[in-house]
Amino acid sequence: EPELADFFFVPGYSICMFEGGFIKLHDLDGVYRDLVSKLPYFERSRGRDHIFTFGSGMSANVFRSWREVIPESIFLTPETWLFNDFPDRTEPCFDTWKDIAIPGYLHRHEILS
């Protein structure tokens with residue numbers, strides 16, 4: 001029953017879609033905007049109860065307008081500091097009051113060493 005949910009998980013594999021050649025990087029913003037507009041419970045709390053995954057070093061910056069559309073949502077991301085390919089982005093996406101740092105990808109040899 002979604003009306004009773006504490007959180008809504010919004011899995012996103014945008015960087016995988018970009019790296020795989022399915023979506024161009026500059027199109028990801030529109031894809032995310034469209035997705036958020038279709039989330040039926042998003043406006044209930046302005047997205048504060050929605051958890052988005054951003055699994056690349058660019059974090060939420062792959063969604064260029066995240067600061068306008070999902071600023072209060074929770075991010076699961078491996079990056080807590082500014083690491084991106086966008087020179088106009090000078091502030092990290094990670095907010096210690098709401099976001100959660102997750103382990104990044106490690107090669108098998110890194111784990112075994």
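**Figure 1. Bridge partners of strand β2 in the predicted model.** In this predicted model, F9 has I51 as its bridge partner in β2. Strand β1 comprises residues 8-10 and runs parallel to β2, to which three bridges join it. Three bridges also join β2 to strand β3, residues 74-77, and this pairing is again parallel. In β3, L76 is the bridge partner of T53. Strands of a sheet pair through backbone hydrogen bonds, in either a parallel or an antiparallel manner.

**Figure 2. Strand order in the open sheet.** Four strands make up an open sheet in the order β1-β2-β3-β4, with parallel pairing.

**Figure 3. Side-chain directions along strand β2.** Strand β2 spans residues 50-53. The side chains of H50 and F52 point one way from the strand, while I51 and T53 point the other way. All four of these residues, H50, I51, F52 and T53, are buried. In a regular strand, side chains alternate between the two faces of the sheet.

**Figure 4. The salt bridge between R33 and E68.** R33 and E68 form a salt bridge in which the closest N and O atoms are 2.9 Å apart. R33 belongs to helix α2 (residues 28-37) and E68 to helix α3 (residues 66-69), so the pair ties together parts that are 35 residues apart in sequence. R33 is partly exposed, its relative accessible area being 37%, whereas E68 counts as exposed at 62% relative accessibility. A network of salt bridges links D29, R33 and E68. Seven salt bridges are found in a search of the whole structure.

**Figure 5. The salt bridge between K38 and D34.** K38 forms a salt bridge with D34, with 3.1 Å between the closest N and O atoms. K38 counts as exposed, at 58% relative accessibility. D34 is partly exposed, with a relative accessible area of 38%. Side chains of opposite charge can pair when their charged atoms come close.

**Figure 6. The salt bridge between R48 and E72.** A salt bridge joins the side chains of R48 and E72, at 2.6 Å from N to O. This pair links distant parts of the chain, with R48 in the loop between α2 and β2 and E72 in the loop between α3 and β3, 24 residues apart. Both residues are partly exposed: the relative accessible area is 46% for R48 and 23% for E72.

**Figure 7. The stacked rings of F8 and Y41.** The structure contains six aromatic pairs. One of them is formed by F8 and Y41, which are stacked with 5.3 Å from centre to centre and 5° between the planes. The pair links distant parts of the chain: F8 lies in strand β1 and Y41 in the loop between α2 and β2, 33 residues apart. F8 is buried, with a relative accessible area of 16%, while Y41 is partly exposed at 22%.

Figure 8. Y32, F52, F54, F63, W66 and F75 form one aromatic cluster. K98 lies over the face of F75, at 4.0 Å from the ring centre.

Terms used: Residues are numbered from 1 along each chain as its sequence is written. This is a predicted model: local features need pLDDT of at least 70, side-chain atom pairs count only at pLDDT 80 or more; totals for chains, interfaces and linings use all residues. Side-chain values use heavy atoms; hydrogens and water are left out. Buried means under 20% relative accessible area, exposed over 50%, partly exposed in between (1.4 Å probe, protein chains only). Helices (H or I, at least four residues) and strands (E, at least two) are DSSP runs, numbered from the N terminus. Two strands pair if DSSP finds at least two bridges between them. A salt bridge is a side-chain nitrogen of Lys or Arg within 4 Å of a carboxyl oxygen of Asp or Glu. Rings of Phe, Tyr and Trp (its six-membered ring) pair if their centres lie within 6.5 Å; planes under 30 degrees apart count as stacked, over 60 as edge-to-face and the rest as tilted. A charge sits over a ring if NZ of Lys or CZ of Arg is within 6 Å of the ring centre and within 35 degrees of the ring normal.
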